[in-house]
Amino acid sequence: MRTKLNIIIFMIIAGLLASCQSVEKMMDNGNYDQLIQLAQRKLSGKKEKKEKYVRALEDGFERAKERDMRRIELLKHSDDPDDWEKIIAIAERIERRQDRLQPFLPLIDRQGYKATFEFVKTHEITAYAEGQIVARLYDEGMYALERGRSGDKPAAQDAYLSFNRILKYTDRYRDVAVLRDEARQLGIVHVVIAIENQAREWMPGYIAAALTEPFYIEDRFWTRYTFAGDEGDYDADYEALLVVTDVSVGHASIHEEEIVRKREIEDGFTYVLDAQGNVAKDSLGNDIKEPKFVKVQGVVVRTHQEKLAHIRGRIKVRDLRQNMVVDTRPIHAEARFYHVGQTHYGDARALDKDDKRYIGLLPFPSDEELILEASEALKPIFMEEVERNRYI
């Protein structure tokens with residue numbers, strides 16, 4: 001009994017020493033918020049509050065506040081809006097810390113010591129920082145907008161982003177909403193799409209027309225697309241040209257394969273004979289039978305049908321303002337007809353379940369049908385190349 005009591009006393013003392021060391025270590029390492037959280041856990045719900053944790057909370061709170069305020073003072077000398085947003089983040093951290101402390105106030109330990117805490121008016125810091133952010137973003141936006149008015153698309157896009165950030169804080173600052181809309185319009189890149197059929201292969205007129213007819217294109221935030229000849233193509237910044245150079249259709253091919261299936265299956269029964277050659281009987285006098293197994297074989301015939309059409313060409317991107325080709329690359333699409341027909345012969349009992357399904361052959365599509373399908377496959381490939389082109 002005495003031994004157990006000694007162990008309990010030892011564990012309590014060890015815990016207290018560990019706790020003391022933990023508080024001191026956190027303080028020495030500058031882990032003030034962690035120290036505050038520890039002290040709050042130790043004090044929460046306690047009528048008699050230990051002096052150690054009261055003073056730890058008081059000291060940790062003051063040191064954390066001083067460190068944050070020094071950081072704010074350092075950042076206040078910056079002209080970068082991002083640094084002023086960091087100031088807001090620090091002020092919000094201070095406010096959260098103060099909000100968590102409020103339920104403990106007034107904080108008095110069991111010896112009667114009353115901790116003192118000086119709170120920061122974080123709303124004033126935040127309001128001032130937001131004013132600085134807005135003013136600096138406005139200046140940045142106006143500088144970029146002036147370049148955008150001279151035809152600098154990336155600068156106009158930067159201006160839009162600056163004005164748009166202002167609206168996160170206020171929608172009443174000067175004429176920022178109007179300026180943002182202007183920057184948006186100035187920053188849009190206009191691309192005219194053109195398609196040329198230079199393939200030498202003969203093809204019906206409707207096929208040739210299908211290769212070059214306009215198709216649906218979804219505009220992006222900073223990009224507007226028009227087709228050559230449409231209203232607005234005269235004011236384009238770039239031309240994306242799809243040149244079809246080759247259209248080919250392969251021969252229809254048929255390939256057969258035979259798959260042999262073998263299996264041993266139960267096929268009736270035979271009588272069991274005794275030593276005298278007579279049919280053996282069980283204890284009830286019934287004839288004894290045993291299953292008879294036979295080997296069977298069937299053949300699955302699979303017919304592979306295939307026919308391919310290819311369309312090849314190249315993409316040319318032209319900077320219309322400088323009247324020069326800035327990029328060119330090959331492009332290719334195909335349409336593939338593929339079908340597997342299936343039948344079988346031999347003993348059907350040797351086949352798998354799927355082997356027994358009859359799938360007949362299909363008529364091959366015409367050359368024109370495959371060309372049209374390849375044409376439809378080519379256009380989205382072309383647009384993907386245009387959308388990720390680094391010059392547009």
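Reader: Why is R147 called partly exposed in this predicted model?

Author: R147 has a relative accessibility of 35%. Buried means under 20% and exposed means over 50%, with partly exposed in between, so R147 counts as partly exposed.

Reader: What makes the pair R147 and D152 a salt bridge?

Author: The side chains of R147 and D152 meet at 3.9 Å, N to O. The rule asks for a side-chain nitrogen of Lys or Arg within 4 Å of a carboxyl oxygen of Asp or Glu, and therefore the pair qualifies as a salt bridge. D152, at 27% relative accessibility, counts as partly exposed.

Reader: How many salt bridges does this rule give?

Author: The count comes to 32 salt bridges.

Reader: How do you know that D267 and R349 form a salt bridge, and where do the two residues lie?

Author: The closest N and O atoms of D267 and R349 are 4.0 Å apart, and the pair is counted as a salt bridge. D267 is in strand β4 (residues 253-271), while R349 is in the loop between β6 (324-346) and α9 (367-387). The two residues are 82 apart, and the pair links distant parts of the chain.

Reader: What makes the salt bridge of D367 and K307 a tie between parts of the chain?

Author: The side chains of D367 and K307 meet at 2.8 Å, N to O. D367 belongs to helix α9 and K307 to strand β5 (residues 289-319), so the pair ties together parts that are 60 residues apart in sequence.

Reader: Which residues are linked in a network of salt bridges?

Author: The network links R261, R263, R302, D352 and D355.

Reader: Why is α3 called roughly antiparallel to α4?

Author: The axes of helix α3 (residues 51-75) and α4 come within 9 Å and cross at roughly 165°. Angles over 145 degrees count as roughly antiparallel, so that is the term for α3 and α4. The crossing of these helices is left-handed.

Reader: What residues make up this contact, and how do they divide by kind?

Author: From α3, the residues include L57, F61, A64 and M69, and from α4 they include W84, I87, I90 and Q98. The contact of α3 with α4 divides into 11 nonpolar, 1 polar and 7 charged residues.

Reader: How do you know whether Q98 is buried or exposed?

Author: Q98, which is found in helix α4 (residues 81-101), has a relative accessible area of 6%. Buried means under 20%, so Q98 is buried. Leaving aside residues up to four places away in sequence, Q98 touches F61, F119, V120 and T122.

Reader: What is the corresponding term for L107, and which residues does L107 touch?

Author: L107 lies in the loop between α4 and α5 (122-149). Its relative accessible area is 0%, so L107 is buried. Not counting residues up to four places away in sequence, L107 touches L43, K49, V54, L57, Y113, K114, A115 and F117. L107 and E182 are 75 residues apart in sequence, and their C-alpha atoms are 57 Å apart in space.

Conventions:
Residues numbered from 1 in each chain as written. Predicted model: local features only at pLDDT ≥ 70, side-chain atom pairs only at ≥ 80, totals over all residues. Heavy atoms only, no water. Helix = DSSP H or I, 4+ residues; strand = E, 2+ residues; numbered from the N terminus. Buried < 20%, exposed > 50% of the residue type's maximum accessible area, 1.4 Å probe, protein only. Contact = heavy atoms within 4.5 Å. Axes fitted to C-alpha atoms, helices over the stretch in contact; angles between N-to-C directions. Parallel < 35°, antiparallel > 145°, perpendicular 65-115°, else oblique. Left-handed = near helix turned anticlockwise from the far one by under 90°. Nonpolar A, V, L, I, M, F, W, Y, C, P; charged D, E, K, R; others polar.
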